[in-house]
Amino acid sequence: MGEVWIRTINNGLVRADKVTEIASTRGSLHEDQGFALKVIVDGKAHVVIDDGGLPGTLPERLEHAQHLEDALLFALDEAREADASMVVFFDPESDRWTLAAAAELA
């Protein structure tokens with residue numbers, strides 16, 4: 001089994017096995033709308049989704065963020081089953097998590 005990595009919004013990589021928490025916050029990093037989804041590693045937050053354009057009420061936006069948190073956990077489980085090292089990243093066009101072999105991205 002290979003390692004599993006999560007790509008951040010600024011194209012950094014964090015090791016999935018070091019993540020201690022997945023959290024969503026209301027509002028994006030730059031606006032009061034949308035949401036931001038972060039993974040926490042060694043007490044430091046790494047933003048993986050920053051969506052300032054998501055319409056809807058706060059409860060609707062946070063429900064969407066919760067859905068993406070759950071989908072991230074599912075994607076990480078799927079990546080752990082692969083033989084090669086994998087990178088999990090969010091594709092905003094499809095609004096889904098995507099898996100790619102780390103060797104393909106290098």
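View 1. Asp42 sits in the loop between β4 and β5 and, at 72% relative accessibility, counts as exposed. Here, exposed means over 50% relative accessible area, buried means under 20%, and partly exposed lies in between, with a 1.4 Å probe and protein chains only. Helices (H or I, at least four residues) and strands (E, at least two) are DSSP runs, numbered from the N terminus.

Before moving on, please note that this is a predicted model, in which local features need pLDDT of at least 70 and side-chain atom pairs count only at pLDDT 80 or more, while totals for chains, interfaces and linings use all residues. Residues are numbered from 1 along each chain as its sequence is written, and side-chain values use heavy atoms, leaving out hydrogens and water.

**View 2. Strand β4 pairs with β3 and with β5.** Two strands count as paired if DSSP finds at least two bridges between them. Strand β3 (residues 19-26) runs antiparallel to β4, and seven bridges join them; Ile22 stands opposite Val39 of β4. Seven bridges also join β4 to β5, again in antiparallel fashion, and the bridge partner of Ile40 in β5 is Ala45.

**View 3. Both faces of β4 are covered.** In a regular strand the side chains alternate between the two faces of the sheet. On one side of β4 you will find Phe35, Leu37, Val39 and Val41, and on the other Ala36, Lys38 and Ile40, all of them buried. Seven of the seven residues of β4 are buried, so the strand is largely enclosed by the rest of the structure.

**View 4. Lys38, in strand β4, is buried yet has no salt bridge.** A salt bridge here is a side-chain nitrogen of Lys or Arg within 4 Å of a carboxyl oxygen of Asp or Glu. For Lys38, the nearest side chain of opposite charge is Asp50, 8.5 Å away; Lys and Arg count as positive and Asp and Glu as negative, while His and the chain ends are not counted. Leaving out residues up to four places away in sequence, Lys38 touches Glu21, Ile22, Ala23, Thr25, Ala45, His46, Val47 and Val48. Contact means heavy atoms within 4.5 Å.

**View 5. The largest nonpolar core has 23 residues.** Such a core is a set of buried Ala, Val, Leu, Ile, Met, Phe, Trp, Tyr and Cys residues joined through side-chain atoms within 4.5 Å. Leu37, Ile49, Leu72, Val88 and Trp97 have the most contacts inside this core. The elements giving two or more residues to the core are β1 (4-7), β4 (35-41), β5 (44-51), α1 (58-80), β6 (86-91) and β7 (96-101), and the largest share, six residues, comes from α1. Apart from neighbours within four places in sequence, Leu72 is in contact with Ile22, Leu37, Val39, Val88 and Trp97.

**View 6. Val48 lies in strand β5.** Val48 counts as buried because its relative accessibility is 5%. Beyond residues up to four places away in sequence, Val48 touches several others, including Ile6, Ile9, Leu37, Phe90 and Trp97.
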